[in-house]
Amino acid sequence: MSNSSFLVSLLGSMPRSKKLLTAKRKFNKGKIDESTYFELLDEETKYVVTLQENNDIDIITNGELSRDNYVSFIAEKLNGVSMMSMADMFDYIEDKQGFEQILEILDVPAISIKNAICTGKITYNKPLVADEMIALKKLTKKKIKATLPGPYLMTRSMWLPALSQKYYSNKEELGEDIIQVLKQEVDTLAHLGIDIVQFDEPVLTEVVFSEGKTRSFMCAALSEKKDPTEELIFATKLIKPVISYAKEKGILVALHVCRGNWSRDESILLTGPYTPLLPLFETCLPNILTLEFSTPRAGEISSLFSSNIIRENCILGLGVMNPRTDEIELLEDIISRVEEVMKFIPKERIWLNPDCGFATFSNRPVSTMEVIDKKLARLTEAKNELRNLYE
């Protein structure tokens, strides 16, 4: 990886056009052939890559346009997993009243949100994202990043006791098979020469900030969590071996944590500093911590760097851009945020990124390509200004 400071990368997801969404539905129903769908998918993916290259983004992602959302797409890739809508799952959910309250908060029809559910023994069927990465390597000469749901997110979201307990006695057993699946995927990505793999673990903030209520991530609503301390121990046991394995294979590993990206209403998204997650960060120790920091909800940057282990070992993928707003962040605000981080770590270990992806788990993106283009331009403007100031 380049020694340049202030590298810029995106977090993964980009909005899909109505045309692509319609084509995916028709493809799933057998109303259009595979070549028609994939021709459109390739066209829109190329647009996403070109958008990044035109804005001089340093590490390219593919926009995740083939994925129905950031985790449930795995149902198409693994044995023992079924895609189910929230309406389909309702009969199997124990806390039906709480589930309905979550749907009201999300303000989307239960039929429109789908989730991958464990309905058999989980085994690796075909690559999760490696096929996407092969296609991406043909579209760019720049460094590329593969984005994957993390092992805790996968285990937590897939566990529906009424169905999953026929094959696993508990989430811990399921988690062991998820670890093996992700190790197989890492092997494939390493063979392809992928530069960075990012594991998304947004539900970690739901564990520590939701005060016993699942309010932020639909994918975590099905599986009742334990006491936060126990749950973080469980999450650590899943995340650490996957990160360690990828690092051993020579891939830079990023761990992404945010507080939800499904609403523009900041008042209903989670709030709190990263302090409760520091033990997990220190134990799992990814090369890169890619974190939300553009809003006050993320707490003070100093709270993260109260950990000497993180200060001495990790790159910070600093979230300096809110993907949920149309407002283009001010250059001076981004510069100021970065200078605050420079009090704790050297500029070579500061990367710039949005807080989260520019799409959501549902079919209603929180941003448009026009706004995204302007935000990416501002990110690169900030990178160039910082390099002028400090290199």
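What share of the 391 residues of the protein chain counts as buried? In this predicted model, in which local features need pLDDT of at least 70, side-chain atom pairs count only at pLDDT 80 or more, and totals for chains, interfaces and linings use all residues, 57% of the residues are buried (under 20% relative accessible area, with exposed being over 50% and partly exposed in between; 1.4 Å probe, protein chains only). Residues are numbered from 1 along each chain as its sequence is written, and side-chain values use heavy atoms, with hydrogens and water left out.

The secondary structure of the protein chain comprises 15 helices and nine strands, taken as DSSP runs numbered from the N terminus (helices H or I of at least four residues, strands E of at least two). Seven strands form an open sheet with parallel pairing in the order β1-β4-β5-β6-β7-β8-β9, two strands being paired if DSSP finds at least two bridges between them. Because β1 (59-60) and β9 (350-354) stand at the edges with a single partner strand each, one side of each is left without a neighbour in the sheet.

Within this sheet, β5 (residues 196-200) runs parallel to β6 (residues 252-257) and is joined to it by five bridges; I196 has L252 as its bridge partner in β6. Helix α10 (residues 228-248) lies across β5 and β6, at about 150° to β6, whereas helix α15 (residues 369-390) packs on the sheet in contact with β8 (315-321) and β9, its direction making about 165° with that of β9. Contact here means heavy atoms within 4.5 Å, and angles run from 0 to 180 degrees between N-to-C directions of axes fitted to C-alpha atoms, for helices over the stretch in contact.
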